[in-house]
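I opened my notebook for a model that was new to me. Here is what I looked up, entry by entry.

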Amino acid sequence: MAVDELDTRILRLLLERPRTSVREYARILGVARGTLQARLDRLERDGVITGTGPSLSPAALGHPVLAFVHIEVTQGRLDDVGDALAAVPEIVEAFSIAGGGDLLTRVVARDNAHLEDVIQKVISLPGVVRTRTEVALRERVAHRLLPLVESVGRTARS
């Protein structure tokens, strides 16, 4: 899907001012509300915009420990293990990966003892062969997409 300069400006506003109304976005961009709404609908339909909910902090919800758990899975059991991981609330993301292991999960916990309990729950799942855990000490670059949007916008203008 091609993203043009107006799309880039829209995405920038969504990232910088997520709680602004469509009417206000249209005013800021100097376009008709209908034009803006059509662009937003297309960006959603094409999968560029994937959600509009708030970003939540696991730490503020009482889960300040963040770990990345690599999971090695018995051959042919990847889907089963993935489905089982979805039932563990402390696993906030899981990805199939190439390289060391089969799955990479982002796990949050109340403290290190709780993290160990979560890892033990994962290890006990049918199809899990072994895990390797890396505990995050400090976030160095927060999740962000604005630099990517700006890069895509520069490419669209070229």
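**Order of elements.** I read along the sequence and noted the pattern α-α-α-β-α-β-β-α-β-α for the protein chain. My tally for the chain is six helices and four strands. I keep in mind that this is a predicted model.

**Domains.** I looked up how the chain is divided, and the domain assignment gives two entries: domain 1 covers 3-52 + 142-154, and domain 2 covers 56-134. How far apart are the centres of domain 1 and domain 2? Taken over C-alpha atoms, I find 33 Å between them.

**Overall dimensions.** I looked at the C-alpha trace along its principal axes and wrote down a span of about 55 × 35 × 25 Å. Then I checked the radius of gyration, which is 20 Å for the protein chain, whereas a compact globule of 158 residues would have one near 15 Å.

**Surface and burial.** I noted that the protein chain exposes about 10500 Å², with 51% of it supplied by carbon and sulfur atoms. Of the 158 residues in the chain, 27% are buried.

**Contacts along the chain.** I took the contacts between residues at least 6 apart in sequence and asked what share joins residues at least 24 apart. The value is 67%.

**Charges.** I found 21 positive and 21 negative charges in the protein chain, and their mean positions lie 9 Å apart.

**V3.** I started my residue visits with V3, in the segment before α1, a helix that runs over 5-16. Is V3 buried or exposed? Its relative accessible area is 17%, so V3 is buried, the cut-off being under 20%. Leaving out residues up to four places away in sequence, I see V3 touching T8, L11, V152 and A156. I followed up on A156: V3 and A156 are 153 residues apart along the chain, yet their C-alpha atoms are separated by 6.7 Å.

**G153.** Next I went to helix α6, residues 146-157, where G153 is found. I wrote 0% for its relative accessibility, and G153 therefore counts as buried. Which distance separates G153 and E5 in space? From C-alpha to C-alpha I get 5.6 Å, although the two residues are 148 apart in sequence.

**R154.** I stayed in helix α6 for R154. Its relative accessible area is 47%, and because that falls between the limits of 20% and 50%, R154 is partly exposed. I also looked up A86, which is 68 residues from R154 along the chain, and the C-alpha atoms of the pair are separated by 38 Å.

**H70.** I noted a relative accessibility of 13%, so H70 counts as buried. Which residues does H70 touch, not counting those up to four places away in sequence? My list has I97, G100, L103, L104, R130, T131, R132 and E134. I also checked I49, which is 21 residues from H70 along the chain, and found 28 Å between their C-alpha atoms.

**Looking back.** I put two of my pairs side by side.

Terms used. Residues are numbered from 1 along each chain as its sequence is written. This is a predicted model: local features need pLDDT of at least 70, side-chain atom pairs count only at pLDDT 80 or more; totals for chains, interfaces and linings use all residues. Side-chain values use heavy atoms; hydrogens and water are left out. Domain bounds come from an automatic or database domain assignment. Helices (H or I, at least four residues) and strands (E, at least two) are DSSP runs, numbered from the N terminus. The radius of gyration is taken over C-alpha atoms; the globule rule is 2.2 Å times the number of residues to the power 0.38. Buried means under 20% relative accessible area, exposed over 50%, partly exposed in between (1.4 Å probe, protein chains only). Contact means heavy atoms within 4.5 Å. Accessible areas come from the Shrake-Rupley method with a 1.4 Å probe; for residues, only the protein chains shown count as cover. Lys and Arg count as positive and Asp and Glu as negative; His and the chain ends are not counted. The place of a charge is taken as NZ of Lys, CZ of Arg, CG of Asp or CD of Glu.
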